[in-house]
Amino acid sequence: MPKFLQSNPFWLFFATVLVLLSFTLFFGWGLMVGTLFSFFFLFRLTGLESRLSEEERRIYLTTLLLYPVAETGVQWMQVNHLIPDSWILVNRLEHFCWATALTLLFLPLISQIWKRLEIWQSLLFVVGFVCFWAI
């Protein structure tokens, strides 16, 4: 894993720029990105992130690095009418990706529960958690 992904100054800069950019698009998205990074820093400061295995941490940080940027790009294209708001497929894809990304971003909280479950229970737990966020 690259060293810069472990440094707090990088994440503070990245989160600040992305939150400010998100607020210029529309208020609701700015609040969601701000909340997302608030949970990230909470998990980091409380040590929950350190409980993740190396593979889980890589997935967690990659999701945190790529998803907000990609979704902010989609939001920007919608605001500038490069993607019509009426495209139901884009909206469905956004909500599915948001639910999946949010589940991965809560990995520090759910990983301890997840490790104790059988395979079928893990699948049910993840599907239920994704469905919870998709509502």
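Start by selecting isoleucine 110. Beyond its neighbours within four places in sequence, isoleucine 110 is in contact with Thr103, Phe125 and Phe129. Keep in mind that this is a predicted model.

Now take the distance to one of them. The C-alpha atoms of isoleucine 110 and phenylalanine 129 are separated by 9.7 Å. Along the chain these two residues are 19 residues apart.

Is isoleucine 110 buried or exposed? Its relative accessible area is 5%, so isoleucine 110 is buried, because the cut-off for buried is under 20%.

**Helix 5**

Isoleucine 110 sits in helix 5, which covers residues 107–115. Colour the buried residues of this helix: Leu107, Pro108, Ile110 and Ser111. Turn the view until you look down the axis of helix 5. Its buried residues fall within an arc of 160°, so they line one face of the helix. Residues three or four places apart on an α-helix point the same way, because there are 3.6 residues a turn.

**Across to helix 3**

Next, select leucine 66. You will find leucine 66 in helix 3. Its relative accessible area is 53%, so leucine 66 is exposed; the cut-off for exposed is over 50%. The C-alpha atoms of leucine 66 and proline 108 are 18 Å apart. In sequence, 42 residues separate leucine 66 and proline 108.

Follow the chain on to histidine 81. Where does histidine 81 lie? It is in the loop between helix 3 (54–79) and helix 4 (88–105). Check its backbone: phi of histidine 81 is near 60°. That is a positive value in a residue other than glycine. Show the surface here. Histidine 81 has 66% relative accessibility, so it counts as exposed.

**Back to the start of the chain**

Jump to proline 2. Proline 2 belongs to the segment before helix 1 (8–25). At 41% relative accessibility, proline 2 counts as partly exposed. Proline 2 and arginine 58 are 56 residues apart along the chain, yet their C-alpha atoms are separated by 9.6 Å.

**The whole chain**

Zoom out and switch to cartoon. How many helices and strands does the chain have? There are 6 helices and 0 strands. From the N terminus on, the elements run α-α-α-α-α-α. The radius of gyration is 16 Å, close to the 14 Å that the globule rule gives for 135 residues, so the chain is as compact as a globular protein of that length. Show the C-alpha trace. Along its principal axes the trace spans about 45 × 35 × 20 Å.

Then colour by burial. Buried residues make up 37% of the 135 residues. Switch to the surface: the chain exposes about 8400 Å². Carbon and sulfur atoms supply 73% of that area.

Last, colour the charges. The chain has 8 positive and 8 negative side chains. The centres of the two sets lie 9 Å apart.

Methods. Residues are numbered from 1 along each chain as its sequence is written. This is a predicted model: local features need pLDDT of at least 70, side-chain atom pairs count only at pLDDT 80 or more; totals for chains, interfaces and linings use all residues. Side-chain values use heavy atoms; hydrogens and water are left out. Buried means under 20% relative accessible area, exposed over 50%, partly exposed in between (1.4 Å probe, protein chains only). Helices (H or I, at least four residues) and strands (E, at least two) are DSSP runs, numbered from the N terminus. The arc is that of the directions from the helix axis to the C-beta atoms. The radius of gyration is taken over C-alpha atoms; the globule rule is 2.2 Å times the number of residues to the power 0.38. Accessible areas come from the Shrake-Rupley method with a 1.4 Å probe; for residues, only the protein chains shown count as cover. Lys and Arg count as positive and Asp and Glu as negative; His and the chain ends are not counted. The place of a charge is taken as NZ of Lys, CZ of Arg, CG of Asp or CD of Glu. Contact means heavy atoms within 4.5 Å.
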